[in-house]
Amino acid sequence: MDFELNQEDKEFAEHFRRFCEKEIGAVAGEVDESGSVPRSHYEALGAIGYNGLLHRREFGGQEASIVQATVAQMILAEACGSTFFSVGASCGLFGGPVASYASAAQKKSILPTLLAGKLIGCLAVTEPDTGSDVSAIRTRAKRSANGFVLNGQKTFITNAPIGDYAVVLARLGEENADSKGSLSCFLVDLHLPGVTRGKAMRKMGLRASPTGELFFDNVELAAESLLGAPGQGFRMVMEAFAMERLALAAYCVGTMKACFDDSRRYSRERKAFGRPIAKHQSVAFMLADIKTKLEAAYLLLMETAWLVDRQRAEAVGGKSPSRLMHNGYVIDINARAAETKLLASTYAREVTNLAVQVHGGAGYMEEYRVCRLYRDIKIAEIGGGTSEIQKQIVAHAEIKRVGV
Amino acid sequence: MDFSLSKELVDFRESVRQFAIQHVKPTAEQRDLDERWDPDIWRKMGEFGLLGLCFPEEYGGSGADCLTTTVATEAFAEGATDGGLTLAWGAHTIIGTMPIVLCGTKEQKERYVPKLASGEWVAGLGLTEPGSGSDAAGSMETRAEKKGDRYILNGAKMFITNGPIGDVFTVMAVTDKKKGPLGISVFLVEKNFPGFRVGKKLKKMGMRSSTTSELIFEDCEVPAENMIEKPNSGFLRVGKATLEWERTVLVASAIGSMHHMLDESIRYAKARRQFGEPIARFQAIQEKISRVRMKLDASRLLLYKSAVMKDQGKPAPIESSLAKVHATEAVIEAAYEMGQIHGGYCFIHEYPVERAYRDCRLGTLGGGTSEVMRSIIAANL
């Protein structure tokens, strides 16, 4: 067993940290207030290689390991949650399905520009009446002479107000079209006639990451817009969500790290009753709890990332095993990712609360970073599958694991 | 990064678990009711190599490292469903004997370690006193005064695991009051030394298959060569060398117990039917299962990291302390929630979860309370 990153990954992490602190973290407060992540952030993260970490070299990617990508995600999340979410929705949630299921021509035309940060994508699944129960969506694509006609509405879509493309989950066909088997994904150019978008929604947190609605009114799509085969949509979305769970856990750990650093520093500078508040037991114990939860979530995240790397390495014919033997135990990787997100988001919500408490009144002021982190983090227990959904995934795997 | 255990260690873990299932588990309920430590099981543990697992081979041990000992403890606790015996083992091997192994002279090791590895003798540690717990060093009242070639000990030690059955105890006593924690020395006290006696067996909430008592020193004569390390170096040197082992290896019992309770409760939830279906189908039950699973996995990693750092020779005050806080608080939560799954049966002796519920309560008290752990973490940040 070895809990340390190797030298190369450590150097990469240090290099990327310096970049993020200077270019992203330094302006995170202003960016939050402005309500939008500057386009230059997408481009700078493209130039340094972050956007393409998990993408193929031929499209401008890095072909990094999941461990490396996870380390980078934690660092970016620590610098700016909004940037992390918007860039992640573009290159991960959107870029992932495109890289796996789009045609060679589509990949060639979209991916290099996407990874350079000059094009923005999003994944459109949720609808006004459909959240956790993904298979109940109503957006529908009908076959037409030239391809498909798309009608419906999506909401809470990260990057919808600014996106150039979306991967849209819709029902295909008219007859028997209400089964899970009719769910299909479409690559949709958001500049097409019939596509309109709502204004960026006002949110509790992540205010610089624009979120909104997409409306499709008889949008004519070419035949090649269908990603993969008809009926593969549910699986594609679940694959994207599985990767998102790990990324969200990385976001939580990065946020906890920021809370730890700020709380540690503040509690040493701030004096009350004649000494630094860090010397008062009730504050010292909050710092100890922040550190404990940070370390617990970090280790679980890194082990899961390491397991997903193993899962990829053991793929046969492009198909990764869903379960792995690990230290004598059978691990369901999908459930492990859900468990990791569940723990990290639970702990991160608790930790942001502790961090604000350590800061006292200052923690309630936007001038201090922990104020923003407290607002931002709530999404982690909701987005990418609510904690309630993660618990079901974990419990179902557990019930399967243990015989009667 | 590499999160894999060696194949040998995974195999060894399974053999320890099987040993515990075969030799310990069948009588765990009865020994708990009888508050009885069993010398026959102890002898078998010695033969299997558990009692001297982490002692050097030249002294009859198996030379295992901290990670191996941690994993073995976890497997033993999981298979045995016997927190008390797991505790007696830890008190004997880790806190009782490791001070001799890590800091003792060649003569001390030769005299004591082989007998302790085989199980012929039982060891324990005397640190806590009736009036000194968390402030062990600052409030210690047991004194040792040098008289010729002996030290004369006076005082009492409290809550001593293996007290009623121990043959030799590692005992801390003040040798220079003015120096505070820097004035404490460590002695090896045999049960037959003049002036030593054992108080009555204490009745406990849990861990009842281990025995606990007071140790009383009334002009107890200890030969000077039975001092570990130099005078006044006891608390810091011996404590430092041993306590992080304790916080790692003994805490592994919580992990094993949590794992057993989780598996047992899932089995129960699949078999138990209410409102026309297995209770495992209810989201309220699934919520508990998922929460315990995630805390188990995180606790295990924290503990393994602490063990690996010990094996790399790195000090791990933060890592061992936060592993202990996280794991021992998680196992209490797990015992409560897995108890809820068992409903009324959680309250009945026959079910291991009832015993685990009582046993695990010691976790956040012994070996440094959670409050002391948090103080150590905060002081080292």
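In which helix of chain B does E319(B) lie? Please describe this residue closely, and then its setting.

Mentor: The model is a predicted one. E319(B) belongs to helix 10 of chain B, which spans residues 317-342. Its position is a buried one, because 25 other C-beta atoms lie within 10 Å, and 20 or more count as buried. Apart from neighbours within four places in sequence, E319(B) is in contact with K305(B), S306(B) and M309(B). The chain also brings E319(B) and L302(B) to 7.2 Å from each other, C-alpha to C-alpha, although 17 residues separate them in sequence.

The setting of this residue is chain B, which has 12 helices and 10 strands. Of the 381 residues in chain B, 56% are buried. Taken along the principal axes, the C-alpha atoms of chain B fill a box of roughly 80 × 45 × 40 Å.

Helix 10 also has a part in the contact between the chains. That contact takes 33 residues from chain A and 36 residues from chain B. On the side of chain B that touches chain A, at least two residues each come from helix 1 (7-23), helix 8 (252-271), helix 9 (283-311), helix 10 and helix 12 (370-380) of chain B. Helix 9 of chain B provides the largest share of that side, with 13 residues. By class, the side of chain B that touches chain A comprises 20 nonpolar, 11 charged and 5 polar residues.

In soluble globular proteins, nonpolar side chains tend to be buried together. Here the largest nonpolar core has 258 residues, and those touching the most other members are A166(A), F186(A), V253(A), M256(A), A297(A) and F187(B). Helix 7 of chain A, residues 233-269, gives the most to this core, namely 19 residues. For F186(A), the contacts beyond four places in sequence are A141(A), F148(A), L150(A), V168(A), A170(A), L221(A), S225(A), L226(A) and L227(A).

Key. Residues are numbered from 1 along each chain as its sequence is written. Chains are lettered from A and ligands numbered from 1 in the order in which they are written. This is a predicted model: local features need pLDDT of at least 70, side-chain atom pairs count only at pLDDT 80 or more; totals for chains, interfaces and linings use all residues. A nonpolar core is a set of buried Ala, Val, Leu, Ile, Met, Phe, Trp, Tyr and Cys residues joined through C-beta atoms within 7 Å. A residue is buried if 20 or more other C-beta atoms lie within 10 Å of its own, exposed if 12 or fewer, and partly exposed in between; C-beta atoms are placed from the backbone. Helices (H or I, at least four residues) and strands (E, at least two) are DSSP runs, numbered from the N terminus. Two residues are in contact if their C-beta atoms, placed from the backbone, lie within 7 Å. Ala, Val, Leu, Ile, Met, Phe, Trp, Tyr, Cys and Pro count as nonpolar, Asp, Glu, Lys and Arg as charged, and the others, Gly among them, as polar.
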